[in-house]
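Please keep the sequence and the structure in view while reading.

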Amino acid sequence: MNVLELEDVSITYQNTKEAVKHVSFAVPEGRIVAIVGESGSGKSTLIRAAIGLLPAGGVISSGRILFGEKDLAAMTAEELRHVRGEGMAMIFQSAGDYLNPRRKVCDQYVETLRCHQKISKKEGYEAAKKMLATLKLPDTKHVMNAEPFQLSGGMKQRVSIVRALSYDAPLLLMDEPFGALDALTRDHLNEELLKIVDET
């Protein structure tokens, strides 16, 4: 069974030529699929289209993006909001940049979890601590109570990865999630993420 299918998808930005032309592929359940291409070839555009987050002016000009039986391209903004988190999660290249610099990590993490799950703040905090521990952060209590500027780039990226994994969504989309990190941190995070994928 396929979790995600792109059928002859083309994507256009306002006043430009097609950024993506007639792309088709499927993501089978339980498998990792990589999109490979040079910079500017449309990899990020494809992923953003799948989760309904194309930048302003971007439109799916042809084709269908199927999540199960549902055509994501035909969904309203409200319908897509429900799919995100519950059906699919996303890790961006510089995911740490999406953390609010004025709020503690735990507050943001727990709030995001509670948007998609019926849990208390305490349950959310415990779930967050447990998930952070899976990526071997040395002091999860410190990380949870820190503000983003107090964490390194690698730690912020770990928080973002764990937050996406916490949704327990059947589909996880990633846009070069380790690209902005140093080689050693990148290797460690890659190994840790693959281990979590194998276990879950």
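## Terms and model

Ala, Val, Leu, Ile, Met, Phe, Trp, Tyr, Cys and Pro count as nonpolar, Asp, Glu, Lys and Arg as charged, and the others, Gly among them, as polar. The structure is a predicted model.

## The largest pocket

Rolling a probe the size of a water molecule over the atoms shows where empty space is left. The largest pocket holds about 1300 Å³ of space. Its lining is made up of 46 residues, and the closest to the centre are Ile32, Leu172, Leu173, Met174 and Val197. Sorted by class, the lining of this pocket has 31 nonpolar, 7 polar and 8 charged residues.

Two or more lining residues come from each of β1 (2-13), β2 (18-28), α1 (43-50), α4 (121-134), α6 (153-166), β6 (171-174) and α7 (183-199). With 6 residues, α7 gives the most to the lining of the largest pocket.

## The second largest pocket

How much space lies in the second largest pocket? The volume is about 550 Å³. This pocket is lined by 22 residues, and Met90, Phe92, Thr112, Arg163 and Tyr167 are the closest to its centre. The elements that give two or more residues to this lining are α2 (77-86), β5 (88-91), α3 (105-116) and α6.

The most comes from α3, which gives 5 residues to the lining of the second largest pocket. By class, that lining divides into 12 nonpolar, 5 polar and 5 charged residues.

In soluble globular proteins, nonpolar side chains tend to be buried together. The largest nonpolar core in this model has 27 residues, of which Leu132, Val143, Leu151, Val159 and Ile161 touch the most other members. At least two residues of this core are supplied by each of β5, α3, α4, α5 (140-145), α6 and α7. The most is given by α6, with 6 residues.

Leu151 can be followed in more detail. Apart from its neighbours within four places in sequence, Leu151 is in contact with Val105, His142, Val143, Ala146, Lys156 and Val159. A second, separate core has 24 residues, including Val3, Leu46, Val83 and Met88.

## Strand β6

Which residues of β6 form its covered face, and which its uncovered one? Leu171 and Leu173 make up the covered face, while Leu172 and Met174 make up the uncovered one.

The strands β5 and β6 run parallel and are joined by 4 bridges. Ala89 has Leu172 in β6 as its bridge partner.

Key
Residues are numbered from 1 along each chain as its sequence is written. This is a predicted model: local features need pLDDT of at least 70, side-chain atom pairs count only at pLDDT 80 or more; totals for chains, interfaces and linings use all residues. Side-chain values use heavy atoms; hydrogens and water are left out. On a 1 Å grid over the protein atoms alone, a cavity is a set of points where a 1.4 Å probe fits but cannot get out, and a pocket is an open set with protein on both sides within 12 Å along at least five of seven lines; lining residues have an atom within 4 Å of a point. Grid points are joined across faces, edges and corners, and a volume is the space filled by probe spheres set on the points. A nonpolar core is a set of buried Ala, Val, Leu, Ile, Met, Phe, Trp, Tyr and Cys residues joined through side-chain atoms within 4.5 Å. Buried means under 20% relative accessible area, exposed over 50%, partly exposed in between (1.4 Å probe, protein chains only). Contact means heavy atoms within 4.5 Å. Two strands pair if DSSP finds at least two bridges between them.
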